[in-house]
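Thank you all for coming.

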Amino acid sequence: MTVRFGGVAALSDVTFEAQTDHITSLIGPNGAGKTTLFNVVSGFLRPHGGDVRYEGTSILGLRPHQVAARGLVRTFQKTSVFPAVTVFENVMIALHTQGTAGVWDILRGGAKVRDEEARLTARAHELVEIVGLAYREGDVAGSLPYGEQRILEVAIALAARPRLLLLDEPAAGLNTGEREELIALIARLRSEGISVLLVEHDMRLVMGISDRVVCLDHGRVIAEGAPAVVRVHPEVVRAYLGISDGDEPSSSDQRTANGQALAAGGDTLTAER
Ligand SMILES: Nc1ncnc2c1ncn2[C@@H]1O[C@H](COP(=O)(O)OP(=O)(O)O)[C@@H](O)[C@H]1O
Ligand SMILES: [Mg+2]
């Protein structure tokens, strides 16, 4: 795909593949084109050239809700959680938008609605359990720590029955403990048969859980493959040597440290913003 903003080519002939049952991660310095690519795949942005194919069929030109209906569901960096209702109710609300009972069924009440309600209730408990928030089920969502609210967002996305879940910087703003929980959750999703496309700054998170990593720089794919291969790829190390994650310019010493950490395994790479 190719996307231009005025004279700037945000994506230039970018080709990549996210395989079923894989966690595929998109990495790259700020401005590399990650968010733009995500917006194209999820139907929020029409590319100037190229195609997006899902399970063999082009999904180009579909609206975001049509893309979601096909099983490609994304989370947003902006929170989609309703703060004033409980964790359980948040998931129920998300499930209700998927319900099969029509307006007349609901007005009439009766067996179909009761069956549907029982089914959704069971599913809501199940989703809360899957993401590890069962102990928080009755708590008002707004009272949860930020990290747990982000995890609740994943449960809300799961209500839409994704087969490919697109996660947009899910670790942004999380502390170390919360990141560990998120990593475990993403790994669990894969074992539930959900493929994941992850855009993430946190190199340690990405390298730890990805089956495949695609690195963008200046709108082009500069490296792709297994984490161990991409991590030490000279182009990737060079791209990250120059970056300052976020708006704070880092010292050249810090940049060198980032590059060396990346080559050494990424464990100490600072990706905080
Ligand atoms: N709506 C927009 N209008 C103009 N330029 C944009 C817009 N969105 C992104 N860009 C530009 O496209 C490039 C890629 O941006 P983006 O996809 O946000 O990168 P990343 O998510 O990797 O940081 C950058 O040069 C950015 O300034
Ligand atoms: Mg971005």
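**Starting from one proline**

Leaving aside neighbours within four places in sequence, Pro-227 is in contact with Met-207, Ser-210 and Val-213, where two residues are in contact if their C-beta atoms, placed from the backbone, lie within 7 Å. Before I go on, please note that this is a predicted model, in which local features need pLDDT of at least 70 and side-chain atom pairs count only at pLDDT 80 or more, while totals for chains, interfaces and linings use all residues. Residues are numbered from 1 along each chain as its sequence is written, and chains are lettered from A and ligands numbered from 1 in the order in which they are written.

Pro-227 sits in helix α9, residues 227–231; helices (H or I, at least four residues) and strands (E, at least two) are DSSP runs, numbered from the N terminus. Is Pro-227 buried or exposed? Because Pro-227 has 20 C-beta neighbours inside 10 Å, it counts as buried; the rule is that a residue is buried if 20 or more other C-beta atoms lie within 10 Å of its own, exposed if 12 or fewer, and partly exposed in between, with C-beta atoms placed from the backbone. Pro-227 and Gly-208 are 19 residues apart in sequence, and their C-alpha atoms are 8.0 Å apart in space.

Stepping back to the whole protein, the secondary structure comes to 11 helices and 10 strands, and buried residues make up 37% of the 273 residues. Of the contacts with a separation of 6 or more, 66% are between residues 24 or more positions apart.

Let me turn to the ligand. Which residues surround ligand 1? They are Phe-5, Val-8, Ala-10, Gly-28, Asn-30, Gly-31, Ala-32, Gly-33, Lys-34, Thr-35 and Thr-36, each counted as near if its C-beta atom, placed from the backbone, lies within 6 Å of the ligand. By class, this shell has 4 nonpolar, 6 polar and 1 charged residues, where Ala, Val, Leu, Ile, Met, Phe, Trp, Tyr, Cys and Pro count as nonpolar, Asp, Glu, Lys and Arg as charged, and the others, Gly among them, as polar. Strand β2 (8–11) and helix α1 (34–41) each supply at least two residues of the shell, and α1 gives the most, with 3 residues.

Helix α1 is also mostly covered, since 6 of its 8 residues are buried, namely Lys-34, Thr-36, Leu-37, Phe-38, Val-40 and Val-41. These buried residues pack against β1 (3–5), β2, β3 (23–27), β7 (164–168), β8 (195–199) and β9 (212–217). Just after α1, Gly-43 takes a positive phi of about 85°.

Finally, a pair of helices. Helix α6 (residues 146–158) and helix α7 (residues 176–191) pack at an angle of about 15°, with their axes 10 Å apart; axes are lines fitted to C-alpha atoms, for helices over the stretch in contact, and angles run from 0 to 180 degrees between N-to-C directions. The two helices α6 and α7 are therefore roughly parallel to each other, the term for angles under 35 degrees, whereas over 145 is roughly antiparallel, 65 to 115 roughly perpendicular and the rest oblique. In their contact, Gly-147, Ile-151 and Val-154 of α6 meet Glu-178, Glu-181, Leu-182 and Leu-185 of α7, and these residues divide into 4 nonpolar, 1 polar and 2 charged.
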